[in-house]
Amino acid sequence: MTINQQDSSPMQSSIDTIHSDDTTEDSIDITHLRTPIKVDLSPVYNFLGDRTTQAWVDAAMENLPMIIQDHANCEKKAAGTAMNLMFRYEFSYDLQRKLAQLVREEMLHYEQVLGIMNERGQDWAYLGAGRYAKGMLKHKRTYEPAAMVDVLIIGAFIEARSCERFAALAEVINDDRLAKYYRYLLKSESRHFEDYLALAQSLSDENIDERVAFFKNVEADLISSPDTELRFHSGTPA
Ligand SMILES: [Fe+2]
Ligand SMILES: [Fe+2]
């Protein structure tokens, strides 16, 4: 018996339990993921100005390989955006720590989606970006710290919308493993939305409510207006 085992207290064993669960959560192999039974999505739904239409869900179901490919692209972009922010804004410990965690988690999601593609026998295919992120970023203010605050608010909307769409897809998808994986993502993506929003407020001298309300309208319009390209974050199929 090791010294650690002799000394193990109830507190120590609860820490061990947390660690072993964390390892399970971090698995690249999606069969080893713990899927939360229920994640409260009401903050996500309240934050967003509009819900995904049935027409988008139907189109996504008919084009699932394309949605999976775009999801892979989104995870990679989410990690890249967080990494860019880490290099651009180096003054805040809080920002660096949250962004480092984001990069790690988004890269894990990317690996997991690649695993799903591999499992389904789906080849990698080039897929250009849709209008969604550009449609918000074109409203980004051009001076600091307003530009940084806007990027963080936009990040919050992208994460919240991803969460809302994973929940919508998980309800109807005819593939238990994929539905389970989308439900697993709800927990981290809803936390990412809250992290981005909290960072935006904590790094801004002014109250960000007005800016959040502005992007809420822009984002809802991109989601509810007709869109000729189907993507994970596209509007209503035109
Ligand atoms: Fe992600
Ligand atoms: Fe995320």
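User: How many helices and strands does the protein chain have?
Analyst: In this predicted model, the protein chain has 10 helices and 2 strands. Read from the N terminus on, the elements run α-α-α-α-α-α-α-α-α-α-β-β.

User: And what share of the residues is buried?
Analyst: Buried residues make up 33% of the 238 residues in the protein chain. As for the contacts with a separation of 6 or more, 75% of them are accounted for by residues 24 or more positions apart.

User: Let's go to H5. How many residues has it, and how far does it reach?
Analyst: Helix H5 covers residues 64–88, which is 25 residues, and from its first C-alpha to its last it reaches 36 Å, close to the 36 Å expected at 1.5 Å a residue.

User: Which residues in H5 are buried?
Analyst: The buried residues of H5 are Ile67, Gln69, Asp70, His71, Ala72, Cys74, Glu75, Ala78, Ala79, Ala82 and Leu85.

User: Take H6, then. At what angle do the axes of H5 and H6 cross?
Analyst: The axes of H5 and H6 cross at roughly 160° and come within 8 Å. Because an angle over 145 degrees counts as roughly antiparallel, H5 is roughly antiparallel to H6. H5 passes H6 in a left-handed crossing, and the residues of the contact of H5 with H6 divide into 18 nonpolar, 3 polar and 3 charged.

User: Switching to H8, how does it pack with H9?
Analyst: H8 and helix H9, which spans residues 176–202, pack at an angle of about 160°, and their axes are 8 Å apart. H8 and H9 are therefore roughly antiparallel to each other.

User: What about the handedness of that crossing, and the classes of residue in the contact?
Analyst: H8 passes H9 in a left-handed crossing, and by class the contact of H8 with H9 has 19 nonpolar, 4 polar and 3 charged residues.

User: Why does Met61 count as partly exposed?
Analyst: Met61 is partly exposed because 13 other C-beta atoms lie within 10 Å, whereas a residue would need 20 or more to be buried and 12 or fewer to be exposed.

User: And how far is Met61 from Ile173?
Analyst: The C-alpha atoms of Met61 and Ile173 are separated by 7.1 Å, although these two residues are 112 residues apart along the chain.

Terms used:
Residues numbered from 1 in each chain as written. Chains lettered and ligands numbered in written order. Predicted model: local features only at pLDDT ≥ 70, side-chain atom pairs only at ≥ 80, totals over all residues. Helix = DSSP H or I, 4+ residues; strand = E, 2+ residues; numbered from the N terminus. Expected span 1.5 Å × (residues − 1). Axes fitted to C-alpha atoms, helices over the stretch in contact; angles between N-to-C directions. Parallel < 35°, antiparallel > 145°, perpendicular 65-115°, else oblique. Left-handed = near helix turned anticlockwise from the far one by under 90°. Nonpolar A, V, L, I, M, F, W, Y, C, P; charged D, E, K, R; others polar. Contact = placed C-beta atoms within 7 Å.
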